[in-house]
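Me: I'm new to reading protein models, and I'd like to learn it feature by feature. Could we look at one together?

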Amino acid sequence: MFGRYKRLWSSPPQRPAYDAVIIGGGLHGLSTAYFLASRHGIRDVAVIEKRYMGFGGSGRNTAIVRANQRTPENLPLYKEALELWPVLTEELDFNLMFYNCGNLNLAHSEAALKAMRLQVASAQFHGIDIRMVGPKECKELVPILDISNRLRYPIFGGMFHPAGGILRHDAVVWGMARGASKLGVHIHQGTEVTGIGVQNGRVVHVDTDKGRIQTRRVLNAAGGYSADIAFRMLGMKLPISVLTIQAMVTQPLKPILHHVVSSGMYHCYANQTLKGEIATGAHMDPWPTYTTGTTARYIKHQAEALGELMPCLRGVKFMRSWSGLADMTPDMAPIMDGNEPVRGYYMDCGWGYFGFKSSCVTGKYMAQYMATEECPQILKPFALKRFEEHRLMGETAALVEYSPDN
Amino acid sequence: MSRLTNLPTLRIRPGTPISFRYGKKLCEGVEGDTIATALYASGTRIFSRSLKYHRPRGLYGLEGECSNTFMRVDGVPNVPAEKTFLRPGMRVVPQVGPGGLRWDVLAFMDKMSWAMPAGFYYRMFHRPAALWPRVIPFIRRAAGKGVLDADFELPGRCDEIYVNSDICVIGGGPSGMAAALAAAEKGFRVILLEARPWLGGSWDHRISLREDGTPLFESAAQLARQVEESPLVRVFRHTAVAGVYPERVVAAFQTGGPSDSFRERYVEVRSESLVVATGCTERPLLFEHNERPGVMQAGCAHRLAHTWGILPGRRVVFSVGDDLGLEGALDLAELGVEVPCVADVRWSGQDAGLLARMREKKIPFFKGWTASRSMGRKTVKGVELKSTNGVHGRRFPCDVLVASAGQTPVTGPLAVAGARLVHDDRTNFFLPGNLPPGMHAAGRMLGYMAPEAMELSGRLAGLGAVLDFGGRTMDVVEEMRETEARLGRPPEGCQFVMAPVKGKKTFVCFDEDTTVRNVNQAMEMGLDVPELIKRWTAAGTGPGQGGIPGHNLPLLVSHSRASPDEDPRPTTTRPPLVPVLMGTYGGRNHDMCKRTPVHALQEAAGGHMERVGVWMRARRFGTEDHVRKEVANVRSNVGLLDSSTLGKFRLHGPDALKVLQRVYVSDLSTLREGRVRYSAMCTEDACVLDDGVVVKRGEEDYYFTTSSARSGATAEWIHYHARYENWDYDLVNLTDAFGVINLAGPRAREVLEKMTREDVSGSAFPFSGYRELMVGGSIPVRAMRLGFVGELSYELHVPSSLMQSLWEMLEEAGRPLGIQNFGLEAQNILRLEKGHVILGSESEQRTTLHDLGLGFLWSRKKNDGRMVGLPALQRTEHQEGRLKLVGFKMTDPAHQVPRDGSIIADRKIWGHVCTARYSDALGHPIGFALVKEPFCVMGARLPIYEDGCQGRLIHGQVIPTPFYDAGGERMKK
């Protein structure tokens, strides 16, 4: 029925020259490679990954997709991303398992409702399917919610975003890698980039532990390690703090939770995967670190929060927790930029814990950027220069506390 | 089935029956039984059906490593029956779909495995696109095992306990106990965690004799007595370790017995040194149909007999890989079980004594043979044995097949603590290549199998833990050296064996039905890293996590890989090491909120209390309509507000002023004693971080307030920005030491005058003044004249212990004047009318001082060139395209109060409404909005798009602020 077990991607030896080199075999890198090859005919591309495909954030996120961002700069990007998943499933001929279950964000105070109303208004204005819901409707959507006053922070209402949902994150990684590889992109796992060569303000080569690659285009899409690479190899200091963010899953259950539920006040979100596990994540550890360890405090915190919001879940067992790196910028919005200050050097980083949702669409536009050397209009607000000009993006309304110098 | 009743190792009380419900049947076990042993004793062989192929599954092991025995117990899904002890009246329901355990209607799936290779779902169901959404409900229903009711409430009490000791020992087997005793002997406090309800570990069920003739179980009991008698050792039984975290934090959970006050409790242990002596578990043997009910591990069969008095079967074939397996075969034969043959995958290395007993009992023994296939329909009816090279083969009928490839260490606690596990060729174990500081490993997990060696190894680790304390005395070092010398190297372990079969139904992972063939398929597809194989085949991602596959997958991959010389690497182990109920993790989940000193008074006065950050605060005193009355009373009379949540700090010392100058935008060198200055702090992006008032109480002595939400964070931020200066100052957090009463309204002064003999007239105590008064005779009050709500008002800072008295006295004095409480919502309207901002309501993270219109606070003459945010304040002052704060009213005064919408023009968003309320004082709605040019100029018309408006805009108009009492006569009078 399936014929031979064809390799998902080929791993030919590293060539001495490529049209473009992409640092990082995560979703952003792979999807940029895929779009370079499929939309711009640039197929002589190498994706260099120190570990293996999807080792970093791409394999560690909770795979939630949504387009209920706050600012007009972000909304169109995420909206397009949501629309792109079914298209990519078709195009890659790979089931990305897009489960369009909808997202319910809970408000536990008048102030949170107010913030949500603004978000809903902005999203509706951009044509995104989203609406405010009262506590009763929250309960109808998620019958296991406790909407009584027993809660420390009772539920005042929420916003429901039917267009959102979840995917299988590994499937997206593999689908993209396979798609790119089919078009001729080279995937080099277990290969570390050790340097970026610059001459006369232009990228000329990339060094890896397997040898030198002549190239005039390089994309830094190394997630948690992107700031380190930019600094070590080009001396660029990016305003990025790296923090860990933890997630965990319970043992699989028969269907009980039919939407993604999230609560800012309780610092948690949860959804039931197609396998039946309740996957849940929280806020970041409040200090910068590159270790991907978990902490005793967080899994306890998750249990306290979920057990209060959805009391029946107290009878479910956590079976696995893990953590990944979040590369946080001061305004919790990414840096997508290129040719500044080095021509041919592009970066797509600072995604923090939002990197999964928009990975496909970012790849599409970064590929366009790299192919045409012209920054697409939709990416312009994400330039690094905004920090120099003190123009933060406003994706988060509140002050963020993850580094003491915010 | 009758039980063996006269074994010395039994852990049951055969005379005390316990009845429970299993499905619709009433069943019986005895005291000391687990659900699984009771069911097994009563003849149950099929415990569940597998996830993908719906194959029957039975009792395979007793360590809870797979989901074979998962049942729903008293409403809790996925309960491992072999680790759950029987309680009277328990309701146990097998987790199975239509048809039941014996006649599962989906059993045909087992024949469909050709259609479901590894990762098949990634290549199916997505074409045509309309198909996938229809498939999802089927996938969801098919996936998952346990059923949880939406209204389920976890019965019993979940507790939590935080304990510490000098040394923590994980594992109460012989090595762990020896370690604990060694440390206690040297005078250190020890906490010993044991997962089973009793100490003894692998010796508990063994009757083999030691060199001195003592049976092992007797030896274990002696050790246990010593441990229990030691005043320095605290034992937690039935406590399974879930995680080990940096700095040796051990998270475990304890299951309560009938006499405990808790159902389960979360146990968090902190210690200076950690000994891990978790022993071994069995490596599953890989052969065709290696999980058919009736196939079980050697330890499982052995313990069923010796611990629970149950003979696992009548005719039992053994296919084992180590001496423990042989010992089990002999012990079972001794009890009357027919053992037609014993196969051992090893060619040599067996204990001579065991071989002699085998000959004595005339048990046919096959060296270098292994089970290659189990036979039978639902349960085992026979087995095919083969020589490991696949040349010879024989079949034996049997009703139980004991299959084990030998021992493999339980390294979970070491792995999650950060030890790097490397493959050791001698033992064939993954052993810690490095141990994090303060951690020690001991016992069987290091490969020491002989009784003497296990104790020595434990003792060595215990002494090592003692050394971590700087208890480095010559005798300890000397003793360690001697112990180490006697201990020697661990013996050789057994090698990885895969029966000579193709592996179509050789299961690597039971939970996910992953076969050896699936693993090979994944490798063919180019996924040759164990982690990727795990993700692609799902092996080890099921409820038992790495329990079954963790031991074999890395070796299997390394054996089949193109470059077999590459060292096998284990897949990552992640906490929790055993699945833990959310209810248990949650524990008591107590609410750690703060209450102000007048919380009770406010509640009694009808206060509608809400959590605001860490505090409980009164939003209003009555229904929502009551807010208007509260507002009106402050405007016309006098009101009382509890503002105790404000951050309050004393900053003093020779360099105190320098600190203030560094973080505040104002020039505080000009602040005189007796005056209050409102100011703000900005980030390096000139964004407003915090605001509040500063008072100079004396030379080098300041008192300042911060917003409620940020008090601690701001203090930290201040230290951060002074960190390299070596300044001499102290910052004291007085937030909880002082309460704050805001006495506001045109008659506020009358109230205060009644309470104090001091002159509080407008001339003696003017606006922006600061006085330290004695109020009500003996209450020292720090009083400030401020005007946040826009009326004559006093902010009275009082020591917390005296605040309630002062509050009651003020109410008493103000009663004839109509004094009333007002809450946060009233304050919000009052300050909005006055045009005062609340950070977070009117400001975003990116809002600068200039954007808020507070640029006048910034002093350019100040002489600290390193003031935080200075360059940004300069650069952003005249920057275009920023969101600026404006006040607005609705163009149509009869219009409703706008909700929180966006300002829209030319199909673009230009800003948004921050706060809007109806103002009784002005007779129309007013609000603040953050908007870009050209909308931030006076008189601009703001088209507002609200949620659900479907394109129908409402309009506001920018007007000057303050909306109310623009000249400030009322608050300054």
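This is a predicted model: local features need pLDDT of at least 70, side-chain atom pairs count only at pLDDT 80 or more; totals for chains, interfaces and linings use all residues.

**Helices that cross**

Me: Is the crossing of helix 11 of chain B and helix 13 of chain B left-handed or right-handed?

Reply: The crossing of helix 11 of chain B and helix 13 of chain B is right-handed. A crossing is called right-handed if the near helix is turned clockwise from the far one by less than a right angle, and left-handed if anticlockwise. Residues are numbered from 1 along each chain as its sequence is written, chains are lettered from A and ligands numbered from 1 in the order in which they are written, and side-chain values use heavy atoms, with hydrogens and water left out.

Me: At what angle do helix 11 of chain B and helix 13 of chain B pack?

Reply: Helix 11 (residues 516–524) and helix 13 (residues 549–560) of chain B pack at about 55°, and their axes are 11 Å apart. That angle makes helix 11 of chain B oblique to helix 13 of chain B. Axes are lines fitted to C-alpha atoms, for helices over the stretch in contact, and angles run from 0 to 180 degrees between N-to-C directions. Under 35 degrees counts as roughly parallel, over 145 as roughly antiparallel, 65 to 115 as roughly perpendicular, and the rest as oblique. Helices here are DSSP runs (H or I, at least four residues), as are strands (E, at least two), numbered from the N terminus.

Me: Which residues of helix 11 of chain B and helix 13 of chain B meet?

Reply: From helix 11 of chain B come B:Val516, B:Val519, B:Asn520 and B:Met523, and they meet B:Leu553, B:Leu556, B:Val557 and B:Ser560 of helix 13 of chain B. Contact means heavy atoms within 4.5 Å. By class, this contact of helix 11 of chain B with helix 13 of chain B has six nonpolar, two polar and no charged residues. Ala, Val, Leu, Ile, Met, Phe, Trp, Tyr, Cys and Pro count as nonpolar, Asp, Glu, Lys and Arg as charged, and the others, Gly among them, as polar.

Me: How do helix 1 of chain A and helix 5 of chain A cross?

Reply: The axes of helix 1 (residues 27–39) and helix 5 (residues 169–182) of chain A come within 9 Å and cross at roughly 30°. Helix 1 of chain A and helix 5 of chain A are therefore roughly parallel to each other, and their crossing is left-handed. Residues making the contact include A:Leu30 and A:Tyr34 of helix 1 of chain A, and A:Val173 and A:Met176 of helix 5 of chain A. The contact of helix 1 of chain A with helix 5 of chain A divides into nine nonpolar, two polar and no charged residues.

**Strands that pair**

Me: Now strands: how many bridges join strand 9 of chain A to strand 10 of chain A?

Reply: Strands of a sheet pair through backbone hydrogen bonds, either parallel or antiparallel. Six bridges join strand 9 (residues 193–199) to strand 10 of chain A, and the two run antiparallel. We say two strands pair if DSSP finds at least two bridges between them. A:Val193 stands opposite A:Thr208 in strand 10 of chain A. Two residues lie between strand 9 and strand 10 of chain A in this hairpin, and A:Asn200 in the turn has a positive phi of about 50°.

Me: Where does strand 10 of chain A pair again?

Reply: Strand 10 of chain A also pairs antiparallel with strand 11 (residues 211–214) of chain A, over four bridges. There, A:Thr208 stands opposite A:Gly211, and a hairpin joins the strands through two residues. Seven of the seven residues of strand 10 (residues 202–208) of chain A are buried, so that strand is largely enclosed by the rest of the structure. Buried means under 20% relative accessible area, exposed over 50%, partly exposed in between (1.4 Å probe, protein chains only).

Me: How many residues of strand 12 of chain B are buried?

Reply: In strand 12 (residues 249–255) of chain B, six of its seven residues are buried. Strand 11 (residues 239–245) of chain B pairs antiparallel with strand 12 of chain B over six bridges, and B:Gly243 has B:Ala251 as its bridge partner. B:Ala251 also stands opposite B:Glu268 in strand 13 of chain B. Strand 12 and strand 13 (residues 264–276) of chain B pair antiparallel over seven bridges.

Me: And what is the strand order of the open sheet of five strands in chain B?

Reply: The order is 34-35-36-33-37, with antiparallel pairing. Strand 34 (676–682) and strand 37 (730–733) of chain B are the edge strands, since each pairs on one side only.
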